[in-house]
There are 4 protein chains.
Amino acid sequence: MTEGDWPGTAIGQTTAESITVRGSDLADELMGRVTFTELTFLLIGGARPTEAQTRLLDAVLVSLADHGLTPTVLAARLTYTGAPESLQGAVAAGLLGAGSVFLGVVEDTARFLREVLDEAGPEPSPQRLADAAGLAVDARIAAGARIPGLGHPVHRVEDPRTARMYRIADETGLLGLNLQALRAVSAAHRERTGRALPINGAGVAGAALADLGFPAEIVRGFALLARTAGLVAHLAEEMERPLGMPLFREVEGRTAPGQPPP
Amino acid sequence: MTEGDWPGTAIGQTTAESITVRGSDLADELMGRVTFTELTFLLIGGARPTEAQTRLLDAVLVSLADHGLTPTVLAARLTYTGAPESLQGAVAAGLLGAGSVFLGVVEDTARFLREVLDEAGPEPSPQRLADAAGLAVDARIAAGARIPGLGHPVHRVEDPRTARMYRIADETGLLGLNLQALRAVSAAHRERTGRALPINGAGVAGAALADLGFPAEIVRGFALLARTAGLVAHLAEEMERPLGMPLFREVEGRTAPGQPPP
Amino acid sequence: MTEGDWPGTAIGQTTAESITVRGSDLADELMGRVTFTELTFLLIGGARPTEAQTRLLDAVLVSLADHGLTPTVLAARLTYTGAPESLQGAVAAGLLGAGSVFLGVVEDTARFLREVLDEAGPEPSPQRLADAAGLAVDARIAAGARIPGLGHPVHRVEDPRTARMYRIADETGLLGLNLQALRAVSAAHRERTGRALPINGAGVAGAALADLGFPAEIVRGFALLARTAGLVAHLAEEMERPLGMPLFREVEGRTAPGQPPP
Amino acid sequence: MTEGDWPGTAIGQTTAESITVRGSDLADELMGRVTFTELTFLLIGGARPTEAQTRLLDAVLVSLADHGLTPTVLAARLTYTGAPESLQGAVAAGLLGAGSVFLGVVEDTARFLREVLDEAGPEPSPQRLADAAGLAVDARIAAGARIPGLGHPVHRVEDPRTARMYRIADETGLLGLNLQALRAVSAAHRERTGRALPINGAGVAGAALADLGFPAEIVRGFALLARTAGLVAHLAEEMERPLGMPLFREVEGRTAPGQPPP
């Protein structure tokens with residue numbers, strides 16, 4: 001490759017005198033003038049958000065930041081137990097569990113809703129949206145697959161984040177086609193199965209991020225960002241009140257079935 | 001360990017009906033009411049920030065989010081080249097390079113300023129602060145060690161983030177002892193060596209985070225959070241305009257000295 | 001969960017006096033008596049390998065350990081640039097790129113051959129194997145998908161590892177159904193497309209591991225193990241003769257198209 | 001940087017026809033002819049090992065591969081719980097905990113013994129070695145620091161790996177200065193404190209690796225390699241008999257002190 005072909009980056013540039021992010025001077029035009037959420041939108045989306053977009057994105061990030069002592073938080077805290085000198089290693093270990101089972105739902109939902117909306121066509125009527133949702137749900141049921149964004153192992157009746165997110169999207173005028181399609185999916189599923197699975201918090205976050213204009217492929221990145229705040233909080237707590245070592249000691253002391261006591 | 005000894009977590013709790021973060025109901029009291037920066041402060045610090053604290057923390061996070069095609073960004077993008085199915089792996093790889101050479105300076109500076117302030121004693125006069133800074137700088141120079149927070153390989157005369165951060169801290173009434181001590185350190189160093197090394201952006205961020213009340217041990221976590229936003233942006237760009245594969249191909253085609261051409 | 005339900009582990013146990021791995025005393029029965037390759041087979045497979053199995057597994061691990069300055073090696077070395085204090089972080093970063101594009105082929109091939117063999121039925125004749133391979137290749141071609149284990153961006157005519165692995169498998173009497181099926185797949189592909197894509201080294205490794213009795217789901221783990229040796233070697237070299245920092249500096253100095261010079 | 005300055009790598013090279021590792025043809029001269037342990041020695045050390053060196057290195061790798069349900073193994077298994085699609089992520093998470101508290105001892109011991117041997121001078125007599133060890137132990141005790149390589153939380157009287165490793169080193173004629181110095185350190189510590197702390201398995205591994213000629217800076221890499229085999233074994237078990245999810249569920253159901261039941 002010759003230097004002329006080098007793709008470079010449109011995100012930012014640094015010279016001896018200035019740092020530029022998406023064309024704005026970091027020190028003069030961004031620091032003290034935009035929130036971290038606005039900067040995140042600008043960095044990833046390439047343009048500054050409106051006030052409404054910022055409010056919805058803040059709600060999404062707030063909704064995903066922490067969910068208690070999840071497997072990924074336990075992994076991060078146990079990693080800190082062995083390598084307290086490397087905070088970045090413990091955070092990285094925590095992020096590595098943000099895969100298909102938990103946070104991947106954010107992305108899966110956004111991809112699924114894109115399918116629904118592709119089927120529904122441009123500017124779909126509620127009826128077309130319902131039909132497209134019905135087709136997509138039928139296909140999933142026929143394939144024995146789960147519907148992305150529906151159901152939660154703990155919040156069995158209702159995920160408290162869902163109604164709230166719809167209200168905020170409504171208030172900000174950003175209750176777009178993806179959030180509408182997700183409701184249509186939920187209704188179609190209930191109609192077909194007789195079971196009322198709640199729209200979960202990861203699913204509604206994925207739909208809201210898609211309505212904010214982010215491609216399905218990158219929405220998991222927002223979940224990773226949000227979760228990083230939670231992981232850092234858990235690691236700060238681990239420094240003061242460790243549970244990694246006690247958890248390990250407890251497990252170490254157990255006798256598995258069919259094994260002699262240690 | 002019996003269950004009664006289990007330390008648990010004070011960060012949050014999830015039940016079938018609600019999610020609680022630091023005692024506030026996530027859906028009703030946090031989503032749509034606090035920004036992601038406010039939530040981060042609450043999660044890690046345990047209390048809600050004032051408006052001034054939020055503004056300073058936003059400035060810190062904005063200042064650290066992106067610095068162009070750094071080694072950690074290249075590592076993340078090259079990881080994505082091999083494992084595009086695992087966005088979390090690429091982000092984690094990017095964070096793993098946030099160690100002692102680059103982002104570790106945030107933590108090193110906060111630790112160093114704590115030493116200076118311990119030496120200066122409670123409510124120190126400007127003179128005591130200058131003396132304590134002088135002692136600490138002397139000790140570092142005698143040990144042949146670098147002064148954390150001073151100097152930058154690119155921003156040799158002035159780091160554009162520094163003056164801006166001091167101005168924001170001043171405006172918000174949060175120009176505290178750590179930021180003052182860092183200036184005293186810079187002055188002491190110039191006095192002793194005749195060289196005017198600029199206070200760098202990582203150093204001023206570490207001092208500001210310490211003035212916000214965060215222990216030195218956790219401040220690197222804020223840098224990791226900020227950098228995650230930058231990494232996600234670079235990975236979004238990598239999806240559209242890859243540079244990992246071209247960079248690899250280019251390196252692969254090179255002949256190292258003393259090696260036969262491939 | 002009560003303690004009685006705890007699944008525990010059958011891999012190993014530690015008491016004050018002894019360490020047991022898969023039922024053997026680590027100090028007395030394993031150290032000095034088995035090679036690391038034999039221990040790896042025992043750890044993952046649950047039983048000690050025969051001499052022939054050890055020889056084939058050694059060949060597989062040797063074949064996968066290093067492939068020069070790959071994207072994952074570059075990622076590891078660039079991570080070391082930023083965090084030289086955390087060797088484990090640099091190795092982890094290197095492993096994170098061992099995904100679907102490169103090393104994932106080992107697993108993909110093993111999964112694909114399992115499909116072929118399921119179709120061929122127990123103790124298949126060469127003709128049944130050829131038919132089953134033909135069906136599987138047809139299905140992939142119809143779906144516009146690549147055939148796992150065939151083709152290599154660099155070794156376009158022949159991957160030097162392939163013929164050698166078949167010879168070793170033959171010599172050890174372990175040229176089993178998976179390796180045979182992979183040849184049948186290659187022949188079927190050539191017949192249908194007229195193109196002679198070589199069986200690649202990752203594919204032949206996946207087939208050999210499957211013939212050694214390992215489930216497709218875990219064979220990528222052997223590739224990760226082999227690659228760890230290569231990564232550690234590259235990091236040892238990075239300590240002596242760094243290329244992470246020069247590579248970063250070089251990239252930093254480039255001007256991307258349409259951007260002003262820094 | 002111009003291409004002429006590019007450091008390249010001396011580890012290996014790939015062309016369309018051949019793969020070369022440390023100057024040997026991978027297919028013809030290494031596969032089927034060297035064990036994975038021999039290749040590892042060659043990759044990292046740059047030269048082929050003798051039979052004796054291979055036997056000692058095998059013993060070291062075997063001794064470090066698995067230690068039961070350690071914190072790092074738990075972290076890897078909990079990461080797999082959330083991201084089963086990314087085996088490399090779970091292995092990486094497991095390696096990230098191989099830091100200062102556990103596996104770092106391998107490196108710390110090698111560094112410490114280098115200090116002792118630097119003090120003792122070239123070809124030291126047993127008395128000089130004892131004196132140098134005594135000085136180093138005194139310095140550590142005076143600083144309130146632990147002696148690297150001594151003591152183990154579980155193996156309080158004797159680590160079963162230690163005597164065995166010394167025997168193998170003796171049999172192979174490789175009981176070098178580092179292993180001798182470690183014994184001198186242990187004796188000096190017992191003499192000064194009256195407490196007989198056992199030489200631990202990580203310490204003896206670090207000393208043996210140093211006697212094999214590897215610099216202290218890289219010996220942790222061998223521990224990471226060995227541990228990768230153990231991690232892959234645990235992840236294979238996790239696929240069949242998961243304990244990540246049950247462990248999480250159990251923790252989730254607990255009430256921490258002072259918190260209301262969920």
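Biologist: Into which domains is chain A divided?
Modeller: This is a predicted model, and the bounds come from an automatic or database domain assignment. On that basis chain A is divided into domain 1 (10-49) and domain 2 (51-241).

Biologist: How far apart are the C-alpha centres of the two domains of chain A, domain 1 and domain 2?
Modeller: Domain 1 of chain A gives ten residues to the contact and domain 2 of chain A gives eleven residues. The separation of their C-alpha centres is 27 Å.

Biologist: Which residues of domain 1 of chain A lose the most area to domain 2 of chain A?
Modeller: Between them, domain 1 and domain 2 of chain A bury about 810 Å², and carbon and sulfur atoms give 77% of that. On the side of domain 1, 60% of the buried area comes from three residues together, those that lose the most. They are T37(A), F41(A) and I44(A).

Biologist: How many residue pairs in polar contact are there between domain 1 and domain 2 of chain A?
Modeller: The side of domain 1 of chain A that touches domain 2 of chain A has four nonpolar, four polar and two charged residues. Salt bridges between the two domains number zero. With both residues at pLDDT 80 or more, the count of polar contacts is one residue pair.

Biologist: Turning to the chains, what kind of axis relates chain A and chain B?
Modeller: Chain A is superposed on chain B by a rotation of 180° with 0.0 Å of shift along the axis, at an RMSD of 0.0 Å. The two copies are therefore related as by a two-fold rotation axis.

Biologist: Which residue of chain A has the C-alpha nearest the axis?
Modeller: The C-alpha in question lies 2.3 Å from the axis. It belongs to A92(A).

Biologist: What percentage of the contact residues of chain A recur in chain B?
Modeller: The contact joins 81 residues of chain A to 82 residues of chain B. The same surface serves both copies.

Biologist: How many salt bridges are counted between chain A and chain B?
Modeller: The two chains bury about 6,900 Å² between them, 73% of it from carbon and sulfur atoms. There are 18 residue pairs in polar contact between chain A and chain B, both residues being at pLDDT 80 or more. The count of salt bridges is zero.

Biologist: Which element gives the largest share of the side of chain A that touches chain B?
Modeller: Elements that give two or more residues to this side include β1 (12-14), α3 (51-64), α5 (87-96) and α12 (244-252) of chain A. By class, the side has 45 nonpolar, 21 polar and 15 charged residues. The largest share is 15 residues, and it comes from α11(A).

Biologist: Which residues of chain C lose the most area to chain D?
Modeller: The contact takes 81 residues from chain C and 82 residues from chain D. The buried area is about 6,900 Å², with 73% on carbon and sulfur atoms. Together, 11% of what the side of chain C buries comes from M31(C), F36(C) and Q88(C).

Biologist: How many residue pairs are in polar contact across the interface of chain C and chain D?
Modeller: Salt bridges between chain C and chain D number zero. For polar contacts, with both residues at pLDDT 80 or more, the rule finds 18 residue pairs.

Conventions: Residues numbered from 1 in each chain as written. Chains lettered and ligands numbered in written order. Predicted model: local features only at pLDDT ≥ 70, side-chain atom pairs only at ≥ 80, totals over all residues. Heavy atoms only, no water. Least-squares fit on C-alpha atoms with pLDDT ≥ 70 in both. Contact = heavy atoms within 4.5 Å. Buried area = accessible area lost by both parts, 1.4 Å probe. Salt bridge = Lys/Arg side-chain N within 4 Å of Asp/Glu carboxyl O. Polar contact = N/O pair within 3.5 Å; in protein donor to acceptor, adjacent residues only side chain to side chain. Helix = DSSP H or I, 4+ residues; strand = E, 2+ residues; numbered from the N terminus. Nonpolar A, V, L, I, M, F, W, Y, C, P; charged D, E, K, R; others polar.
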